[in-house]
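Here is a short walk through one protein model. Have the sequence and the 3D view ready, and follow each stop in turn.

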Amino acid sequence: MSALFLLLMLQAATPAPAEALETLLRREVAQVALAQVRRMDPAWHPDQRDCAGLVRFAFRGAYRRFRPERLASPLWLDDKGRPGDFADAETLLAHSFAPLGRDEATRESLRTGDLVAFRQERDAGPIFHLMLVVRPEDKAHAPTRIVYHPGDKGAAVRTGVLQSLVTEAPLEWRPVPQNTAFLGFFRFKEWMR
């Protein structure tokens with residue numbers, strides 16, 4: 001066996017660096033989420049179809065494909081900070097995602113898999129809403145998108161352009177500092193560096 005062949009074999013057996021793995025996971029989160037716009041996967045249980053359910057489903061799908069051993073324990077923390085399979089939008093934000101900020105500079109630095117979060121006050125209490133960010137690798141040729149489930153039973157997953165949300169949405173849905181319902185941008189804590 002030549003030394004070059006042995007070196008190539010060792011490199012092939014070496015796990016991908018954490019950054020490369022995270023990139024694969026982010027891409028897969030985007031692919032899973034965008035696939036739900038075209039047709040919701042039957043594996044995504046209808047009772048779990050809301051904004052937080054989309055986040056959970058997309059992340060689990062990505063980890064199932066590229067890092068299945070991570071799923072030996074739940075990805076999420078529950079309202080007491082313990083690992084759990086379920087977390088609603090408020091709990092995801094409080095325990096499994098970290099705030100990045102609320103300003104334009106933060107918006108420009110978002111990566112695929114980050115979240116846009118809102119809290120709407122209603123008579124029955126606050127309602128939290130999450131949108132997944134899908135940022136193209138070639139920013140010059142495609143806009144940053146958002147993918148979300150509106151939360152209504154039977155509703156379809158939707159997608160839009162983040163900049164259009166900033167400039168054209170009703171104020172309570174604009175991710176801008178002037179909007180008190182906008183909680184900010186968030187990143188999965190395991191991806192914080």
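In which strand does Phe 118 lie? Phe 118 belongs to strand E4. Keep in mind that this model is predicted. Phe 118 has a relative accessibility of 0%. Buried means under 20% relative accessible area, so Phe 118 counts as buried.

What does Phe 118 touch, not counting residues up to four places away in sequence? Its contacts include Ile 127, Phe 128, His 129 and Met 131. Also among them are Glu 172, Trp 173, Arg 174 and Pro 175. Asn 179, Ala 181, Phe 182 and Leu 183 touch Phe 118 as well. Now look along the chain to Thr 144. Phe 118 and Thr 144 are 26 residues apart in sequence. Their C-alpha atoms are separated by 18 Å.

E5 and E6 pair in the antiparallel sense over 3 bridges. Here Leu 132 has Val 147 in E6 as its bridge partner. Val 147 also stands opposite Thr 159 in E7. Strand E6 (residues 145-148) pairs with E7 in the antiparallel sense over 4 bridges. Arg 145 has its bridge partner in E7 too: Val 161.

Two packed helices are described by the angle between their axes and the distance between the axes. The axes of H2 and H3 come within 8 Å and cross at roughly 130 degrees. That angle makes H2 oblique to H3. The crossing of H2 past H3 is right-handed. On the H2 side, the contact residues include Leu 21, Leu 24, Leu 25 and Val 29. On the H3 side, Leu 54, Phe 57, Ala 58 and Phe 59 are among them. The residues of this contact divide into 13 nonpolar, 2 polar and 2 charged.

Stay on H2 for one more residue. Is Arg 26 buried or exposed? Arg 26 is found in helix H2. Its relative accessible area is 3%, so Arg 26 is buried. Leave aside its neighbours within four places in sequence. Arg 26 is then in contact with Arg 111, Thr 112, Gly 113 and Asp 114, and with Arg 187 and Trp 191.

Finish with helix H4 (residues 89-96). Which residues of H4 are buried? They are Ala 89, Thr 91, Leu 92, Leu 93 and Ser 96. These buried residues pack against H3 and against strand E1 (76-77), E3, E4, E5 and E8. That list brings back E4, the strand in which Phe 118 lies.

How values were computed
Residues are numbered from 1 along each chain as its sequence is written. This is a predicted model: local features need pLDDT of at least 70, side-chain atom pairs count only at pLDDT 80 or more; totals for chains, interfaces and linings use all residues. Side-chain values use heavy atoms; hydrogens and water are left out. Two strands pair if DSSP finds at least two bridges between them. Helices (H or I, at least four residues) and strands (E, at least two) are DSSP runs, numbered from the N terminus. Axes are lines fitted to C-alpha atoms, for helices over the stretch in contact, and angles run from 0 to 180 degrees between N-to-C directions. Angles under 35 degrees count as roughly parallel, over 145 as roughly antiparallel, 65 to 115 as roughly perpendicular and the rest as oblique. A crossing is left-handed if the near helix is turned anticlockwise from the far one by less than a right angle, and right-handed if clockwise. Contact means heavy atoms within 4.5 Å. Ala, Val, Leu, Ile, Met, Phe, Trp, Tyr, Cys and Pro count as nonpolar, Asp, Glu, Lys and Arg as charged, and the others, Gly among them, as polar. Buried means under 20% relative accessible area, exposed over 50%, partly exposed in between (1.4 Å probe, protein chains only).
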